[in-house]
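Keep it short and sort it by topic.

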Amino acid sequence: MSDSDLQAFRAETRAWLEANCPPEMRQPVKDEDDIYWGGRNATFKNDAQKAWFDACVEKGYTVPAWPKEYGGAGLTPAQAKVLREEMAAIKARPPLSSFGIWMLGPALLHFGTEGQKQRFLNEIARGEIRWCQGYSEPGSGSDLVSLQTYGEDKGDHWVVNGQKVWTSYADKADWIFCLVRTDKDNKYQGITFMLYDMASEGVATKPILLISGNSPFCETFFDDVKVPKSYGEDVPAQVGEVNRGWDVAKYLLGHEREMISGADGGNTGTIGAALTRSNGEIDPVLRAELAQFDVDALAYGAMGEKFLDEVKVGKAHPAQPNMMKYAGTELNKRRHELMMAAGGSTALEWTSEETDGGKPARNWLRTKANSIEGGTSEVMLNVISKRILELPGA
Amino acid sequence: MPLYYDDDQAMLADTAGQFMAEEGSIKNQLRHWRDRDCKDGFGHALWQQFAEMGFAGMLVDEDDGGLGMGQVEANIVLEQIGRNLTPSPFMSSSVLAATALKHGSNDVKGRWLPGLVSGEKVYGVAIDEGAKHRPERIGCRAEKSGNGFKLSGRKDFVLYGASSEMIVVAARTSGSDSDTDGVTLFAVPQDAAGMSHDSVRLVDSSMASHVTFDNVELDGDAVIGEVDGGRAVLDAMLVAGRVGSAAEGVGVAGGAMDMTVDYLKQRKQFGKVIGEFQALQHRAAHLYSEVEIARAVTVKAAQLVDGGSERADLMASVAKAKVAKVAGLAVREGVQMHGGIGMTDEYDIGLYMKRDRALQEFLGDQYYHAGRVAELSGY
């Protein structure tokens, strides 16, 4: 696409956003219910949220880079970047957030059958089904491939038994994409990537209370859950082949790591200026730490940009998301440590109005999970050692 | 503009990489001249080759006989210089002096540019006064005298100063030491009466001089740009030099890291290759991650310089500070992971450590530039 075509697209996009994105949807997200997740039981917080969502569904902008036949707008990477930039310029909220968009969608686009794409991708794009991800188990964290949740083959269906943990929003999800062992004798080639309804008999969820006081994750239990092998013609219940779910999982972990890394440039501003403004005089040693942090953060911002540029043309090393995840999450933890230090005793407040219900402390605690979820920093370093530096025996 | 090289730049990187790895190698240049106690600290034959390759005048406009290239291209050459520890006057002549001369009158250009482009001449720059880089303060004075000036004072850390046919000197022509205005740049020829060099070999085997100016008489033609208006030109030189030395630092870091990772794959202890030990793997992987980030921000800063962006100054300091942190880490980890042989002169890893130390100080260390990032960001 030529530069002038892209410029025309930018002008169109700007006009469309101006006409369709209500002012309320250009405010920063303050509460959990400011984020629209979709699903069978979803309700809109207000008319503006609904109007913005409806307009985006109509235009394919809940999933702008997906093909039109699956509910997207079929934008090229360059156009999608323009849309992101224009949305960022007016601080537009995402119309729809979901693990379907971030995780299952990319897996289906890569591994799914035509029937699966037609059904599931369209449901995701229209926000009809809210998905959750069943990966980790109590005994399988960093060593995910050791997972034990078992699906017994009963001819036309499986019977699934086991337990998942750290299932994000399992208590609010409609369906799950779940790693299930279907061959106990084959570690890597004995896992199936299954899709099933969380309303099935035998599924139970229990939220986990975190140190931040929030409960975004659940324990999820499967007790003789019957999963049909097919949901209709060309709509098998598994993504990819039976017993080859690890390939899909690995592909998705790459996506997840990229997402957690903040490579989209969400966290690239300087914090020193903001913190000194809001906290008055700052200790010179803390100021020096802030400056060192800002050097690292601005440099990482450039890395994020370079990484996305390289991904677009296939120049990035396939294991590079691991490096981005490692560096990005460690940086984010440091950011919040410094914000707490600059905030002093105010930042300790857990319930006050001034801190909007303890936002600084809760956010600080939340970031501690960044370098654990989606693969720990230590696992990231293992992967870099082995796949990029090609060090032996890692 | 995407943050990777276009086809022409990738080709330049190949050419420069091959040239520096062969002609500019540690064995052929750094060790060769060091072991002969060469007073220049670099090889004139190699400088000739820099000119033949077009590198010497790559930043000089095409109208003036150069290649009219930008910071991204200069950085490509500098990264290879860093990787091979190639001693040359490229930074002082082709980046700093060339950037200054861009702002000179046609007479000034006509007098100095041909010798730079052809590789016959080497130029230096005199900015620092004292052991730390503080260009906000210029105390070296040039008093009006007849049609010209009389220059007095002292400059330090003038790289390859004694070998330079001309030195670009930042001097004060009005106001007090810390004023922004009142700075003028002069092209001072090697034979100027009253200029003397106290030339010293540095830890990395490069040569630098303390230059003393004792009533050096300069005619009006020696002025580069405007009298009292030299700060803008000086700032342009500093940005180019800082982003350029960040690129050289990326080369030093990358060279040290690659050498170390190779060593981890060869050295055996306790019956296995030490690269199998997770304690070393994690440190190597962390280093890799940091070097990637340092490289990215350096490319970004170079593109901003070429685009004339308002953010170029800030990102130049970010790049210089980040690369200093990362290159420092790379050489320290390099020596440690090499163990005892890392302390020997026979192995090259120690040469990277020495070069990095000198580069850290050049045009401002990481603390200076982190401080600048804070100031430019408003705190």
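This is a predicted model: local features need pLDDT of at least 70, side-chain atom pairs count only at pLDDT 80 or more; totals for chains, interfaces and linings use all residues.

Chain B is assigned three domains: domain 1 (7-122), domain 2 (125-228) and domain 3 (232-376). Chain B also contacts chain A, with 33 residues on chain B and 33 residues on chain A.

**Domains of chain B**

- The C-alpha centres of domain 2 of chain B and domain 3 of chain B are 30 Å apart.
- Domain 2 of chain B puts 12 residues into their contact, and domain 3 of chain B puts in 11 residues.
- On the domain 2 side of that contact in chain B, 8 residues are nonpolar, 3 are polar and 1 is charged.
- UniProt, in an unreviewed entry, lists residues 142-216 of chain B as "domain: Acyl-CoA oxidase/dehydrogenase middle".
- Residues 142-216 of chain B are 63% strand and 0% helix. The end C-alpha atoms of this stretch lie 9 Å apart.

**Where chain B touches chain A**

- The contact involves 33 residues of chain B and 33 residues of chain A.
- Four helices of chain B each give two or more residues to the chain B side: H7 (231-266), H8 (278-306), H9 (312-338) and H11 (366-376).
- H8(B) gives the most, with 14 residues.
- The chain B side has 20 nonpolar, 8 polar and 5 charged residues.

**Nonpolar cores**

- The largest nonpolar core has 160 residues.
- Within this core, B:Val168, B:Phe186, B:Val297, B:Ala301 and B:Val318 touch the most other members.
- H7(B) supplies the largest share of this core, 16 residues.
- Leaving out residues up to four places away in sequence, B:Val168 touches B:Ala97, B:Ala100, B:Tyr123, B:Val125, B:Ala126, B:Leu185, B:Ala187 and B:Ile224.
- A second core is separate and has 57 residues. Its members include A:Phe99, A:Leu121, A:Phe193 and A:Met198.

**A strand pair in chain A**

- Strand S1 (residues 131-134) of chain A points A:Trp131 and A:Gln133 one way. A:Cys132 and A:Gly134 point the other way.
- All four of these S1(A) residues are buried.
- S1(A) pairs with strand S4 (residues 175-181) of chain A in the parallel sense, over 4 bridges.
- Within this pair, A:Gln133 stands opposite A:Phe177 in S4(A).

Note on methods: Residues are numbered from 1 along each chain as its sequence is written. Chains are lettered from A and ligands numbered from 1 in the order in which they are written. Domain bounds come from an automatic or database domain assignment. Two residues are in contact if their C-beta atoms, placed from the backbone, lie within 7 Å. Ala, Val, Leu, Ile, Met, Phe, Trp, Tyr, Cys and Pro count as nonpolar, Asp, Glu, Lys and Arg as charged, and the others, Gly among them, as polar. UniProt positions are given in the numbering used here, feature names are shortened, and annotations may be inferred rather than shown by experiment. A nonpolar core is a set of buried Ala, Val, Leu, Ile, Met, Phe, Trp, Tyr and Cys residues joined through C-beta atoms within 7 Å. A residue is buried if 20 or more other C-beta atoms lie within 10 Å of its own, exposed if 12 or fewer, and partly exposed in between; C-beta atoms are placed from the backbone. Two strands pair if DSSP finds at least two bridges between them.
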